[in-house]
Amino acid sequence: AARTRAEQGTNSACSSLHITIPNMAGDLLIDPQIRWWVILPIVAITFLSGLSRHYASILIQSKKKVETVQIAEGQALARSRLLRLNGKYLTKKAFFMRKQFFCEEEVGYFHAKKRSVPPPNPMTDPSMMTEMMKGNVLNMAPMLAIGGLINWAFSGFVTIKVPFPLTLPFKAVTQRGIELTTLNASWVSSISFYFICVFGMRSIFSLILGDNNDADDSKAMKAQMSGGMSAGAPPDPAAAFNAEREQLEVTAHDWALKNVEEQLLGVTYTGHSKTD
């Protein structure tokens, strides 16, 4: 009887007590101080490390020797692109004269120019070996230092939530450093947020430093994966010439200044243009 009364008292107490179990799969309330002590420092570290890598590469890398032939080939490709884009402002005769200069069989510029590019050999070129070592050190040292700093100082924080749902396989990507099986995959840890900043600042670096900059961390990752073998290799003009020749051959001429005199004077002209 005493046991029965005790069970009844326990049941009545549990019925009057509402226990709330937090649901980690739902929304979380993040401390606003994380914005100032975690998110902004990671963004600043990523940005400043990119700037430091860019200017350090300018200081330690030697100037590359550019041959006159390479400059001439680059100018020819630029002229061909301008002809494709702005050829509509030339007369039909002038457009096809320039097109024939580049694309004519056997004697056209893109057919006749067949400069052979020797493959790079680091063993016979000490300067190339030095440039490879400089590039590897410049890419590996900052990556190791910054990765260790982020992992030591900001590991275990939940920073942001992506505005779309993610499945469980994405947890290995978005929640590196956090081992919680009940946490929604849309939440991003501090280490994963660092990698988002690495790949997300390429447009900012291109806007500030130009397109040909060394501040992009993704380029450093690619250089580490390739071993730096592409450093110092001269460009092969054959592939660029073939691609540009194919695009120029299919470009049609549509003169944009047809009957421009009548349009300027506001006169309706129904006849044929004299330049057709």
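Guide: pLDDT is the predictor's confidence in each residue, on a scale from 0 to 100. A contact means heavy atoms within 4.5 Å. This is a predicted model, in which local features need pLDDT of at least 70 and side-chain atom pairs count only at pLDDT 80 or more, while totals for chains, interfaces and linings use all residues. Residues are numbered from 1 along each chain as its sequence is written, and side-chain values use heavy atoms, leaving out hydrogens and water.

The protein averages a pLDDT of 76, and 71% of the residues score at least 70. Over residues 1–25, pLDDT stays under 50. The model gives that stretch six contacts beyond four places in sequence. Residues 227–233 also fall below 50, with eleven contacts beyond near neighbours in sequence. Where pLDDT is low, the predicted coordinates should not be read in detail.

Next, the layout. Helices (H or I, at least four residues) and strands (E, at least two) are DSSP runs, numbered from the N terminus. The protein has twelve helices and two strands. Confidence is lowest in helix α1 (residues 2–16), at a mean of 43. It is highest in helix α4 (residues 92–103), at 92.

Now the rings. Rings of Phe, Tyr and Trp (its six-membered ring) pair if their centres lie within 6.5 Å. Planes under 30 degrees apart count as stacked, over 60 as edge-to-face, and the rest as tilted. The structure holds ten aromatic pairs. Take Phe102 and Phe110: their ring centres are 5.1 Å apart and their planes meet at 25 degrees, so this pair is stacked. Phe110 also pairs with Phe241. Here the centres are 5.2 Å apart, the planes stand at 35 degrees, and the pair is tilted. This second pair links distant parts of the chain. Phe110 sits in helix α5 (residues 109–112) and Phe241 in helix α11 (residues 237–249), 131 residues apart. Phe101, Phe102, Tyr109, Phe110 and Phe241 form one aromatic cluster.

How covered are these rings? Buried means under 20% relative accessible area, exposed over 50%, and partly exposed in between (1.4 Å probe, protein chains only). Phe102 and Phe110 are both buried. Phe110 counts as buried because its relative accessibility is 0%. Phe241 counts as buried because its relative accessibility is 2%. Buried residues make up 29% of the 276 residues in the protein.

Step back to the cores. A nonpolar core is a set of buried Ala, Val, Leu, Ile, Met, Phe, Trp, Tyr and Cys residues joined through side-chain atoms within 4.5 Å. The largest has 15 residues. Val38, Ile42, Ile150, Phe154, Phe193 and Tyr194 touch the most other members. Helices α2 (33–60), α6 (126–153) and α8 (190–200) each supply at least two residues of this core. Apart from it lies another core, of ten residues, among them Phe95, Phe110, Phe241 and Leu248.

Look back at Ile42 in the largest core. Leaving aside residues up to four places away in sequence, Ile42 touches Ile150, Phe154, Ser190, Phe193, Tyr194 and Cys197. Cys197 counts as buried because its relative accessibility is 7%. In soluble globular proteins, nonpolar side chains tend to be buried together.
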